[in-house]
Amino acid sequence: MAEVINKEKKEKQKLWGGRFSEDNNPLFVRFNESLSFDYRLLPYDIKATKAFTEALCDINVLSDSELQALHQALAEIEHEVNDNPYLIQQAINDGVEDIHTFVEQSLVDKIGDLAYKANTGRSRNEQVSCATRLWVLEHIEHLCDLIKALQAAFVAQAKANVDVFVMGYTHLQQAQPITWGHYFLSFYEMLKRDYARLLDIKKRVNVSPLGMGAIAGNAWHLDRQKMANVLGFNEIAQNSLDAVSDRDYIIELLAAISLIGTHLSRFAEDMIIYSTTEFGLVEMSDLVTTGSSLMPQKKNPDAMELVRGKAGRLNGYLVALLTTVKALPSGYNKDLQEDKEALFAAVDTVSDLLKVTTITVESLVVNKDKNYDGSFCVATELADYLSKKGIAFRKAHHIVGEITAYALSENKSLTDLTLSEFQHFSVMIDDDVYQVLSIESAVNSKTAMGGTAVANVAKAISAIEEIMQAAI
């Protein structure tokens, strides 16, 4: 009799113990558990359990009083864990396998055998899929809010520096002058795509797997659409075999997060370079920089270096889960437990990257006195000038290449060349050439939509501000 009681006590920590006569190896218990990270699904598992038990009540598996007792106990469990997070650690120490086991066993402790009716016809396979989808839906909204905050910071900097000139680079070589306003709005556009991707992914997350069982469906004639409506899902999954093992939505989210990280890393790289003494284009605030333990003059761009570094980790989460899923047979497999750590870590990491980058942008100081006099970045303007005089652009390009080579050999800038020196290469060049060789002229000539002309950028900022205001 004592052996039977002891066996029942051990099985209380599992949802599947009846088939087994021996307890698990302690190492395997630790290896197998997921409560240490899927505890984050607690409120979502409880929410889904409430919807599921309501459906059970609708088909008279549960009475109204039983449903009320279950819902009250579920609310108490959530409240108690919120007040005392150590309860999760205690459960891990006791060998509780996952958050679903934790909820069920906590129900048993509160209301006894009634707890065992709460999951009638329900599998952990659908439980974890449902709870994870609810978690992802909420956190996509959170990521969207963080993206909007960073976009606002970029727009504010663009507005403050709408007519401040800065060098544009290709291949990290001086290319053509632009405005800081144009530069900052380029990252607004990247984030706009990131935001749109998240909203698109949300459509495929917003599908309820509840009532799909372990693999084959549910035999209890539950109203799946009603459960989906209660949980706020837009639609229900159509195939039980697919629904319990689908992790496409997580992979899609990790891919979108990886792209967000890539965009933030590109900005970080710019800031790291632009803040050097050699470039001297910006200064990052003390809020996001550190000093050297040896060299007292240093101001190190640690925040941006960490953004750049952690972006690589985001790529790793995506590749890891893709590799895990690529060769799984149909149906649920325990390998899919690996999705949670990648998902939670990726969302946490990119959230921090967005917040830190927002602080960096908001507190960034742009060097408005940078002087580009003498730069060859206006060479394209000279080629355009010749083209407007009737010379084919490819030929004009060649002429300007020869002029540039000559100026370099003479240690002169283009604006230092005399008219006679210009006319040695083309008689089409006149006194008016000097007007087009200024930085201001070069920038403000780019008036086609999307160009860097100050008027264009100002218009773009106004349009964006209207959109942002309408969204409030």
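Start with helix α13: its buried residues (buried means under 20% relative accessible area, exposed over 50% and partly exposed in between, with a 1.4 Å probe and protein chains only) are A303, M304, V307, A311, L314, Y317, L318 and L321. This is a predicted model, where local features need pLDDT of at least 70 and side-chain atom pairs count only at pLDDT 80 or more, while totals for chains, interfaces and linings use all residues. Residues are numbered from 1 along each chain as its sequence is written, and side-chain values use heavy atoms, with hydrogens and water left out.

**More on helix α13**

- Helix α13 takes in residues 302-325, 24 residues in total. From first C-alpha to last it reaches 35 Å, close to the 34 Å expected at 1.5 Å a residue (the expected span is 1.5 Å times one less than the number of residues).
- What lies over those buried residues? The cover includes α12 (248-274) and α14 (338-362).
- As a bit of background, an α-helix has 3.6 residues a turn, so residues three or four places apart point the same way.

**The whole chain**

- The protein chain has 20 helices and 6 strands. Helices (H or I, at least four residues) and strands (E, at least two) are DSSP runs, numbered from the N terminus.
- Its radius of gyration is 31 Å, whereas a compact globule of 472 residues would have one near 23 Å. That radius is taken over C-alpha atoms, and the globule rule is 2.2 Å times the number of residues to the power 0.38.
- Along the principal axes, the C-alpha trace spans about 110 × 55 × 40 Å.
- Of the 472 residues, 46% are buried.
- Take the contacts (heavy atoms within 4.5 Å) between residues at least 6 apart in sequence: 75% of them join residues at least 24 apart.
- The accessible surface comes to about 23,500 Å², and carbon and sulfur atoms hold 53% of it. These areas come from the Shrake-Rupley method with a 1.4 Å probe, and for residues only the protein chains shown count as cover.
- The chain carries 45 positive and 64 negative charges, and their mean positions are 2 Å apart. Lys and Arg count as positive, Asp and Glu as negative, with His and the chain ends not counted; each charge is placed at NZ of Lys, CZ of Arg, CG of Asp or CD of Glu.

**Two residues in helix α8**

- R133 sits in helix α8 (residues 124-160). With a relative accessible area of 3%, R133 is buried.
- Leaving aside neighbours within four places in sequence, R133 is in contact with R204, V205, V207, P209, F233, D246 and Y249.
- R133 and R247 are 114 residues apart in sequence, yet 9.7 Å apart in space, C-alpha to C-alpha.
- Q151 is also in helix α8, and its 8% relative accessibility makes it buried. Not counting residues up to four places away in sequence, Q151 touches Y188, L191 and K192.

**A residue in helix α16**

- T404 belongs to helix α16 (residues 393-409). Is T404 buried or exposed? T404 is buried, at 17% relative accessible area.
- Not counting residues up to four places away in sequence, T404 touches F376, A379 and L414.

**Two loop residues with positive phi**

- N60 has a positive phi of about 70 degrees although it is not a glycine. N60 lies in the loop between α4 (42-58) and α5 (64-83), and it counts as exposed at 69% relative accessibility.
- H221, not a glycine either, has a positive phi of about 55 degrees. Its loop runs between β3 (207-208) and α10 (224-231), and H221 is exposed at 71% relative accessibility.
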